[in-house]
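Take a look at the sequence and the structure below. The report that follows walks through the fold, the contact between chains and a few single residues.

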Amino acid sequence: MNGHRLAEQFSTFAKQDHAARLGMWGFLGSEVTLFGGLFALYAAYRAMYGHEFVAAVGHNNLAIGTINTLILLTSSFTVALTVWAARAARSKLIAPLLGLTILLGCVFLLLKGIEWSQHFHQGILPGLHYRNREMQEFGAKVFFTLYFIMTGLHAIHVVIGIAVLGWFAVQAGRRLYTPEHHVTLEMATLYWHLVDIVWIFLWPAFYLMRG
Amino acid sequence: METRHPSFWHYGIVYVALMGLAVLSFGLSFLPIGGWQDAIAILIGALKALLVAAYFMHLVEQRFANRLVPSVAVALAVILVVITTLDPITRKTFPRAPMPLEASAPVGP
């Protein structure tokens, strides 16, 4: 018994796996529309306060934002390799790869924390708590409020992703994943990739678009 | 149905492409090309997201139903962004943004 059970409503594991993937993609779709709404807000306010947004983007720490991008892209690669390892019957590699992904996620959060702390020291806080003297315009306050909401929500997703991958790393230590049965691991990696994709768009919005 | 899974090298090539696109996006962000900079950054971002979804998330090997769900979600998100942005862009009033509170407050008794 390797812990993989066929539920009674499915006639084969293939159908059960397909249902699991379809359900996960539905969940990820709801996440896309959640972040889509926030990006819509960002785009509309940028259309209203273009100059203030450009100045505020220039104020953000480009080095940290860029390093974090490279970190998350690398973590997406390492987590994708866990599925490759399961399919190639190299299950011993899964736990170390998940561990590496978790480590990269923690470094991402650490750098994000350093950046937020820099903002706090400059009086850049969300909403009514904003008290930066250098950028007093209303558009700058809107920009940084959106910045904290969007990067904060993203960071919560990173934390959840780390917890989920941690649980799967423990499971992988017991060699539960085989070339035939690894769909649950695959679902966990899909969530992590979504976190990466969201950051792929947060990076230009808050660090690169200075034009 | 037998599906051919990508090899380690496939993942490696996609990773190198993603890192290359990130470096390209970073470099292009310093070019003095105004609004084009934003369009290029979004386009490169979309390309990177497509690579992650297609290969790291294995969307290329999924059934049609599984491809349809994220496609519809992305289409809805794009429509949401475009329509929400079109409102302030096409607004005939001046200024585009809401008036500051102190300026728009009613005057007198």
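## Chain A: the fold

In chain A, take the contacts between residues at least 6 apart in sequence: 78% of them join residues at least 24 apart. Contact here means heavy atoms within 4.5 Å. This is a predicted model, in which local features need pLDDT of at least 70, side-chain atom pairs count only at pLDDT 80 or more, and totals for chains, interfaces and linings use all residues. Residues are numbered from 1 along each chain as its sequence is written, chains are lettered from A and ligands numbered from 1 in the order in which they are written, and side-chain values use heavy atoms, with hydrogens and water left out.

Chain A has 6 helices and 0 strands. Helices (H or I, at least four residues) and strands (E, at least two) are DSSP runs, numbered from the N terminus. Along the sequence, the pattern of chain A reads α-α-α-α-α-α. The C-alpha atoms of chain A fill a box of roughly 65 × 30 × 30 Å along the principal axes. Of the 211 residues in chain A, 57% are buried. Buried means under 20% relative accessible area, exposed means over 50%, and partly exposed lies in between (1.4 Å probe, protein chains only).

## Where the chains meet

Together, chain B and chain A bury about 4,100 Å². Carbon and sulfur atoms account for 76% of that area. Buried area is the accessible area (1.4 Å probe) that two parts lose on being put together, summed over both.

There are also polar links. Between chain B and chain A, 6 residue pairs are in polar contact, both residues at pLDDT 80 or more. A polar contact is a pair of N or O atoms within 3.5 Å; within protein, one must be able to donate a hydrogen and the other to accept it, and residues adjacent in sequence count only if both atoms are side-chain atoms.

B:Ala97 sits in the loop between helix 3 and helix 4 (101-104) of chain B. Leaving aside neighbours within four places in sequence, B:Ala97 is in contact with A:Met48 and A:Tyr49. B:Ala97 is buried, at 11% relative accessible area.

## Salt bridges

Over all chains, the structure holds 5 salt bridges. A salt bridge is a side-chain nitrogen of Lys or Arg within 4 Å of a carboxyl oxygen of Asp or Glu. The rule finds 2 of them across the interface of chain B and chain A.

| Pair | Distance |
|---|---|
| A:Arg87 and B:Glu61 | 2.6 Å |
| A:Glu186 and A:Arg21 | 2.9 Å |
| A:Glu115 and A:Lys112 | 2.7 Å |
| B:Arg91 and B:Asp87 | 2.9 Å |

A:Glu186 and A:Arg21 link distant parts of the chain, 165 residues apart. A:Glu186 lies in helix 6 (residues 183-208) of chain A, and A:Arg21 in helix 1 (residues 13-48). A:Glu186 is buried at 1%, and A:Arg21 is buried at 18%.

A:Glu115 and A:Lys112 both lie in helix 4 of chain A. They are 3 residues apart, about one turn of the helix. A:Glu115 is buried at 1%, and A:Lys112 is buried at 4%.

In chain B, B:Arg91 is partly exposed at 29%, and B:Asp87 is partly exposed at 42%.

## Two positive phi angles

A:Ala89 has a phi near 60°, a positive value in a residue other than glycine. A:Ala89 lies in the loop between helix 3 (62-87) and helix 4 (94-121) of chain A. Is A:Ala89 buried or exposed? A:Ala89 is exposed, with 56% relative accessibility.

B:His58 also has a positive phi, near 60°. B:His58 is found in the loop between helix 2 and helix 3 of chain B. B:His58 counts as buried, with 1% relative accessibility.
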